[in-house]
Amino acid sequence: MAFTLKVNGETHTVDVEPDTPLLWVLRDEIGLKGTKYGCGIAACGACTVHMDGAAERTCVLPVEAAEGYEITTIEGLASGGQLHPVQEEWIRNQVPQCGYCQSGMIMAVAALLAENPNPTDQDINDTITNVCRCGTYQRVRDSIHELSDA
Amino acid sequence: MASIGKITRRTLLATGALVGGGLVVGLSMSPNRLKLGSDSVLKEGELQLNTWVKISPDNKVTAIIPHSEMGQGSNTALAMMLAEEMDADWDLVDFEYAPALPEYANTGLGKGYLMGDVGIPAFARPLVDFTFLQIAQAMDLQITGGSTAIAFTGEHGMRRAGASARDMMVRAAAARWNVDPSEIAVANSVVSHGSRSATFGELSTEAAKLDPPQSPPLKDRSQFKLIGTSQPRRDIPPKVDGTAMFGIDIELPGMVYAAIKQSPVFGGTVASIEEGSIAGMPGVIRVVNLGDAVAVVADKYWRAKTALDALDVAFDAGANANVTTASIFASYTDELAVNEGSAHVEEGDAKAVIADAAEVITSEYQVPFLAHSCMEPMNCTAVVKNGKVDIWTGAQNPLAARTFAANAIGVDPDNVTVHNQLLGGGFGRRSRDDFIPQAVRIAQDVGMPVKLVWSREEDTQHDFYRPAVSNQFKAVLGDDGMPIAWSNHYINVGQDEPADAPNIQYGIENQSIRSVGMEQPIPLGPWRSVGHTQHSFFNESFIDELAHAAGKDPYEYRRTLLAGAPRHRKVLETAAEKAGWGTPLPPGRARGIAIEQSFGSIVAQVAEVSLSEGGDVKVHNVTIAVDVGTAVNPQAVESQMQSGVIYGLTAALYGNITIDGGRVEQTNFDDYEMIHLAEAPEMRVHIVNSGDTTGGAGEPGTPPIGPAVANALFVLSGERIKSLPIKQYDLRPRNTNQQLSQAFGQAAE
Ligand code: FES
Ligand code: FES
């Protein structure tokens with residue numbers, strides 16, 4: 001079946017089964033490999049993208065439910081050749097280790113800060129539930145505070 | 001990770017060669033190559049140590065790194081070590097990853113083994129015949145593991161390569177200007193004499209005609225300008241914008257996808273496959289029976305996975321159908337009762353002291369199987385064509401990966417090319433390349449490029465696990481409460497690596513540390529810090545028991561026992577002091593301490609823990625003191641320490657792979673729990689630069705956290721954690737009116 005998706009400002013038409021998770025459509029149909037597979041059960045956040053600005057886990061999201069949204073992946077987070085502030089901070093504070101979880105982590109953090117520019121530790125705990133097996137959590141938390149308004 | 005362009009295997013063997021108009025300096029120690037001079041501990045011809053640096057005419061310096069990048073950042077540190085000795089401009093230095101060729105064998109591992117600094121990890125054993133260990137065999141290793149990158153490749157390779165290249169530049173300039181080399185200065189990739197100067201790049205062609213020095217002098221630590229400064233890791237920018245390429249991201253023209261289901265029971269085989277059950281499903285190309293696994297190949301990954309899930313397949317369980325975690329632990333207990341084991345350490349006469357003692361303190365500990373759970377599930381892309389094999393994967397040991405791929409279909413390893421990619425976590429798992437032969441066999445079967453991707457469920461259920469093991473302790477205290485005899489009788493299931501893992505650094509006169517070798521049917525592999533994970537939990541919990549039995553402060557007790565180990569003592573003191581050991585804490589909190597030496601580094605940790613009335617355990621903060629000898633890139637050492645703590649804490653709190661019916665019961669992150677940001681403690685790292693022999697940083701942060709937390713929980717609950725994970729316990733705060741034997745380092749009550 002054909003579906004029309006708007007990803008990083010471009011329109012793509014894909015021909016897949018309606019229950020195909022958006023994750024695999026992004027990776028294997030559209031060729032955006034920055035969004036990662038970690039668990040397939042919405043338990044790790046490696047597959048996080050923005051849909052109309054909100055963080056969504058795409059490994060359990062059927063493509064048919066993704067039509068009509070503005071989808072942004074890690075590849076589309078920078079704009080006008082300028083890294084997003086979260087990406088810049090991630091480099092400054094040397095957050096990534098292996099890096100595999102970081103696309104999802106960055107997307108989750110960017111969505112949090114867009115919604116709540118000055119999150120408390122409790123807000124961070126409640127919202128950033130991505131798994132990082134390299135254990136970058138300390139720097140993730142420090143960087144979120146660094147990026148906060150206050 | 002690019003392959004290394006035009007440098008061929010042949011030119012790599014030349015030392016000080018002219019390549020593409022620039023200089024390539026290669027270091028090796030075989031007789032007909034550059035020798036490293038009198039400080040070498042090895043005889044001629046014993047060992048090749050291959051490290052390579054390219055200096056191109058545009059003044060760029062490129063270090064060629066024989067290790068995989070899996071997040072530890074050691075490759076930036078290695079390039080820093082090279083740049084330091086060269087006096088190169090750090091901004092003009094970069095690195096490339098070495099291809100999987102024997103010239104890049106990580107002989108540091110072999111050398112470390114011979115020097116007794118580090119054991120060759122068990123995962124290297126399939127490659128090395130230890131019945132007649134010769135260093136020549138260890139040369140077949142190209143491993144990132146055992147925390148060897150900095151300690152060996154860096155110290156023995158990069159620094160010397162840098163010093164050699166610098167020396168050649170100086171002599172080239174001296175010849176050009178007809179001056180004495182001693183009058184020449186080098187800074188920031190520029191060689192100068194008075195008003196004259198030339199860049200490395202400008203001198204590279206002339207330098208390439210010179211013989212490399214036999215014994216380039218190395219800098220004294222006091223001369224370091226770059227080493228010891230925190231530098232940004234070069235691998236990070238592509239990891240924030242989605243451009244970093246991991247194995248799972250490879251895409252080839254005409255590529256198809258495979259999903260796999262392996263026999264759930266270890267050692268089982270495919271009994272039957274009803275291909276009709278997926279007839280007509282979209283995109284399916286073929287069902288491949290691998291004997292112990294079945295793969296479905298389709299034009300898209302999701303179609304392959306969907307069809308695999310629908311496929312009617314039956315497995316024969318085989319010999320392990322009745323194996324359970326309980327049956328494995330019971331076999332250990334039975335064996336410990338009848339088998340004295342073999343001596344690992346025998347000092348004094350612990351047996352006699354224990355036999356004569358009026359009071360003997362005994363204890364038993366155990367740890368479970370653990371999965372690695374790399375964030376990136378196992379995967380490999382393979383092409384088999386005209387007897388040649390190409391694979392794309394993230395391997396900790398690309399040379400072994402080449403052999404595994406070759407053996408899978410019976411071709412010569414020379415016909416296999418490994419395109420190593422970034423690793424989405426390694427932790428030891430990606431040194432065991434079971435998924436590689438699978439991909440190669442599937443690719444041969446379908447005759448197309450195939451990307452095999454394991455599901456998380458397969459990844460959890462078909463790991464090479466940290467072994468479940470147990471032990472029995474006995475100890476006797478002297479009149480002053482300090483131990484005079486220490487006996488550790490432990491199970492070793494073939495993973496007794498590194499060799500120093502069961503050892504204690506404490507000055508105890510009579511020690512009997514004996515291992516009882518056993519077989520068990522679960523596949524095992526190296527897991528971040530290998531044997532130190534269990535032995536640190538055993539030893540650091542039991543020494544804590546002894547301190548409490550003696551009515552002494554567990555920190556002071558350890559400190560006293562480390563009188564003969566000043567490096568350890570300093571690290572312990574640093575952790576205790578920075579953690580405010582002994583200062584008051586909020587009610588309901590306590591501190592626990594532990595120390596472990598591993599991979600040449602010493603780490604002590606103090607965990608501040610609370611236990612709620614409802615039994616919730618929370619680790620609030622962890623103070624970490626680490627002595628890696630010299631921290632080349634301190635910010636990277638800090639992040640490795642934090643990483644090690646999270647990895648070890650996840651295991652200590654939650655990690656528990658259990659076996660029933662010969663199969664793993666856990667499947668994914670919902671039933672194999674991970675620490676999230678909310679549970680991550682605040683971690684403060686304090687680097688002690690002793691300047692002693694450089695050790696690793698990737699693994700040593702992991703071992704102490706489990707016992708540090710368990711020791712704090714003893715203070716809080718009165719219950720001694722003797723079996724991990726901690727979540728098995730129903731702990732409650734002890735009645736604080738009822739005095740624990742002693743509760744040191746804690747809140748005033
Ligand atoms: S892959 Fe989607 S949440 Fe883990
Ligand atoms: S950086 Fe490796 S999993 Fe997060």
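Predicted model: local features only at pLDDT ≥ 70, side-chain atom pairs only at ≥ 80, totals over all residues.
Helices and strands are DSSP runs, helices of type H or I with at least four residues and strands of type E with at least two, numbered from the N terminus.

The interface comes first. Chain A gives 47 residues to the contact, and chain B gives 60 residues. Together the two chains bury about 4,400 Å². Of this area, 57% lies on carbon and sulfur atoms. Three residues stand out on the side of chain A. A:Gln97, A:Arg133 and A:Tyr137 supply 19% of the area that chain A buries against chain B.

The rule finds 29 residue pairs in polar contact between chain A and chain B, with both residues at pLDDT 80 or more. It also finds 6 salt bridges across the interface. A:Lys36 forms a salt bridge with B:Asp249. The closest N and O atoms of A:Lys36 and B:Asp249 are 2.5 Å apart. Side chains of opposite charge can pair when their charged atoms come close.

Five helices of chain A each give two or more residues to the side that touches chain B. They are α1 (22-29), α2 (85-92), α3 (102-115), α4 (121-127) and α5 (137-147). The largest share, 5 residues, comes from α5(A). By class, the side of chain A that touches chain B has 22 nonpolar, 14 polar and 11 charged residues.

Salt bridges were also counted over the whole model. The total over all chains is 41. B:Lys219 forms a salt bridge with B:Asp87, and their closest N and O atoms are 2.8 Å apart. B:Lys219 lies in the loop between α6 (200-207) and β9 (256-262) of chain B, and B:Asp87 lies in the loop between α2 (74-86) and β5 (93-97) of chain B, so the pair ties together parts that are 132 residues apart in sequence.

The largest pocket has a volume of about 480 Å³. It is lined by 23 residues, and B:Glu340, B:Lys351, B:Lys474, B:Ser487 and B:His489 are the closest to its centre. Several elements of chain B each supply at least two residues of this lining. The helices are α8 (325-338) and α9 (350-356). The strands are β15 (361-367), β20 (469-477), β21 (483-492) and β22 (510-517). Helix α9(B) gives the most to the lining of the largest pocket, with 4 residues. The lining divides into 7 nonpolar, 9 polar and 7 charged residues.

The rule finds 14 cavities of 30 Å³ or more. The second largest cavity has a volume of about 130 Å³. Its lining has 14 residues, and B:Asn503, B:Gln505, B:Ile595, B:Glu596 and B:Gln597 lie nearest its centre. In chain B, α13 (532-549) and β23 (589-598) each supply at least two residues of this lining. The lining of the second largest cavity has 5 nonpolar, 6 polar and 3 charged residues.

The peptide bond from B:Leu724 to B:Pro725 is cis, with omega near 5°. B:Pro725 lies in the segment after α17 (705-717) of chain B. In chain A, A:Asn8 has a positive phi of about 50°, although A:Asn8 is not a glycine. A:Asn8 lies in the loop between β1 (2-7) and β2 (10-15) of chain A.

Notes. Residues numbered from 1 in each chain as written. Chains lettered and ligands numbered in written order. Heavy atoms only, no water. Contact = heavy atoms within 4.5 Å. Buried area = accessible area lost by both parts, 1.4 Å probe. Salt bridge = Lys/Arg side-chain N within 4 Å of Asp/Glu carboxyl O. Polar contact = N/O pair within 3.5 Å; in protein donor to acceptor, adjacent residues only side chain to side chain. Nonpolar A, V, L, I, M, F, W, Y, C, P; charged D, E, K, R; others polar. 1 Å grid on protein atoms, 1.4 Å probe; cavity = no way out; pocket = protein on both sides within 12 Å on 5 of 7 lines; lining within 4 Å. Points joined across faces, edges and corners; volume = space filled by probe spheres on them.
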